[in-house]
Amino acid sequence: MLSKRFFKTKNEAEVTFEFQHPQAEQVQLVGEFTDWQPVNMKFNKKERCFKLKQRLPNDQQFHFRYLVNGTIWDNDHHADGYIANSFGTENSIVNTQRI
């Protein structure tokens with residue numbers, strides 16, 4: 001799930017990435033904004049999901065995916081959209097345009 005917070009004085013949005021997976025012991029966020037390098041997400045015991053906040057420039061869209069336990073690729077089922085990638089699957093899209 002994605003939630004976004006826009007700032008009045010900055011040209012960026014704070015995006016909170018939230019992800020749940022039944023077998024997940026570790027989840028990493030991998031995307032264009034991380035140069036496709038995995039970034040560890042923190043497990044929130046109370047909400048029983050993995051979370052990570054990331055600041056991104058406004059009025060752009062970025063491709064990303066989740067890497068579960070270092071081997072399973074998954075998309076955000078509440079992403080702003082999806083687009084085919086060169087591996088025959090799809091990437092999730094986060095859009096930072098104000099609505």
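Six aromatic pairs occur in the structure, which is a predicted model. A pair of aromatic rings is described by the distance of the centres and the angle of the planes. Phe17 and Phe33 are stacked, with 5.6 Å between centres and 25 degrees between planes. That angle is under 30 degrees, so the pair counts as stacked. Phe17 belongs to strand β2 (residues 12-19), while Phe33 sits in the loop between β3 (27-31) and β4 (39-40). The contact therefore ties together parts that are 16 residues apart in sequence. Both Phe17 and Phe33 are buried.

Phe17 also pairs with Phe64. Here the geometry is edge-to-face: the centres lie 5.1 Å apart and the planes make an angle of 75 degrees. Phe64 is in strand β7 (residues 61-68), 47 residues from Phe17, and the pair links distant parts of the chain. Phe64, like Phe17, is buried. One aromatic cluster takes in Phe17, Phe33 and Phe64 together with Phe19, Phe62 and Tyr66.

Another ring contact involves a charge. Lys10 lies over the face of Phe7, 5.7 Å from the ring centre.

Strand β2 is also part of an open, four-stranded sheet with antiparallel pairing. The strand order is β1-β2-β6-β5. β1 (2-6) and β5 (42-44) are the edge strands, each pairing on one side only. Neighbouring strands are turned against each other by 30 degrees on average, direction ignored. Phe43 has Phe50 of β6 as its bridge partner.

Definitions and conventions
Residues numbered from 1 in each chain as written. Predicted model: local features only at pLDDT ≥ 70, side-chain atom pairs only at ≥ 80, totals over all residues. Heavy atoms only, no water. Pairing = 2+ DSSP bridges. Helix = DSSP H or I, 4+ residues; strand = E, 2+ residues; numbered from the N terminus. Axes fitted to C-alpha atoms, helices over the stretch in contact; angles between N-to-C directions. Phe/Tyr/Trp six-rings, centres within 6.5 Å; stacked < 30°, edge-to-face > 60°. Buried < 20%, exposed > 50% of the residue type's maximum accessible area, 1.4 Å probe, protein only. Lys NZ or Arg CZ within 6 Å of the ring centre and 35° of its normal.
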